[in-house]
Amino acid sequence: MNIGISVGHSILASGECTGADGTVFGGGNEYAFCSTLAPALKTQLEEAGHTVTVLKVPEKTLKDLAEERKFKISQYNGKDYDFLLELHLNESSRPRAEGTEALYISDEGKKYAEAIVTKLSKEGGEGIWKGRNAKRRADISFLNNSKATAVQLELFFCTNKSEWKRGQKNRRKIAKLITEAIESVG
């Protein structure tokens with residue numbers, strides 16, 4: 001398959017990050033984590049025989065979130081991808097919020113979202129976090145505007161110190177589990 005992996009946010013020209021920052025709760029920065037996970041996931045997927053492109057907005061070039069979205073959609077739809085995965089971390093004002101979830105809009109996206117959540121959740125066996133299920137979301141620009149089957153993955157809560165630590169020490173395992181999930185569907 002031809003797969004695009006997107007780092008879900010960016011650093012704007014002002015230096016501001018458009019992603020969540022859970023450091024106030026002892027967690028971490030969404031953009032920083034996803035920027036380091038994307039290459040690890042790319043390697044795992046390529047080893048499984050897929051063609052993979054990491055899609056990332058050039059840092060400090062765009063002025064706002066609207067420009068970021070427009071740039072990303074042109075990247076998502078600029079190649080003939082079979083599957084797109086956008087990496088995110090969830091955030092909450094409650095530092096104990098926990099779990100992994102995947103968002104989709106299409107029936108095909110639902111298959112990938114369910115497989116990914118199952119692999120990443122403790123309930124699925126090998127997982128790391130509590131499963132929060134796959135959820136259909138019709139209000140997300142990435143899902144609505146991508147031509148390819150798309151899933152937005154909310155790996156864990158960056159505002160949860162415990163989840164952050166598990167994410168930091170399990171990058172390779174996360175990439176392996178996501179690859180296995182994609183392989184099980186595709």
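Entry on helix H2. I began with helix H2 (residues 65-77), whose 13 residues should span 18 Å at 1.5 Å a residue, and its end C-alpha atoms are 18 Å apart, which agrees. The expected span is 1.5 Å times one less than the number of residues, and helices (H or I, at least four residues) and strands (E, at least two) are DSSP runs numbered from the N terminus.

Note on the source. I am reading a predicted model, in which local features need pLDDT of at least 70 and side-chain atom pairs count only at pLDDT 80 or more, while totals for chains, interfaces and linings use all residues. Residues are numbered from 1 along each chain as its sequence is written, and side-chain values use heavy atoms, with hydrogens and water left out.

Which residues of H2 are buried? I found Glu68, Lys72, Ile73 and Tyr76, where buried means under 20% relative accessible area, exposed over 50%, and partly exposed in between (1.4 Å probe, protein chains only). At the N-terminal end of H2 I found Asp64 as a cap, with a side-chain oxygen 3.2 Å from the backbone nitrogen of Ala66.

Entry on Gln75. I then looked up Gln75, which also lies in helix H2 and counts as partly exposed at 33% relative accessibility. Not counting residues up to four places away in sequence, Gln75 touches Leu55 and Tyr81, where contact means heavy atoms within 4.5 Å.

Entry on the largest pocket. How much space lies in the largest pocket? I noted about 440 Å³. Of the 26 residues that line this pocket, the closest to its centre are His9, Arg69, Glu86, His88 and Gln152. H2 supplies the largest share of the lining, six residues, and H2, E3, strand E4 (100-104), H4 and strand E6 (149-157) each supply at least two. A pocket, on a 1 Å grid over the protein atoms alone, is an open set of points where a 1.4 Å probe fits, with protein on both sides within 12 Å along at least five of seven lines, and lining residues have an atom within 4 Å of a point.

Entry on Thr149. I placed Thr149 in strand E6, and with a relative accessible area of 17% Thr149 is buried. Leaving aside neighbours within four places in sequence, its contacts include Asp82, Phe83, Leu84 and Tyr112.

Entry on Phe25. I found Phe25 in the loop between E1 and helix H1 (30-47), partly exposed at 32% relative accessibility. Phe25 and Pro95 are 70 residues apart in sequence and 6.2 Å apart in space, C-alpha to C-alpha, and Pro95 is among the residues that Phe25 touches.

Entry on helix H6. Last, I checked helix H6 (residues 171-185), whose 15 residues should span 21 Å, and its end C-alpha atoms are 22 Å apart, which agrees. Its buried residues include Ile174, Leu177, Ile178 and Ile182, and what covers the buried residues of H6 includes H1, helix H3 (107-120) and helix H5 (161-169).

Technical notes. A polar contact is a pair of N or O atoms within 3.5 Å; within protein, one must be able to donate a hydrogen and the other to accept it, and residues adjacent in sequence count only if both atoms are side-chain atoms. Grid points are joined across faces, edges and corners, and a volume is the space filled by probe spheres set on the points.
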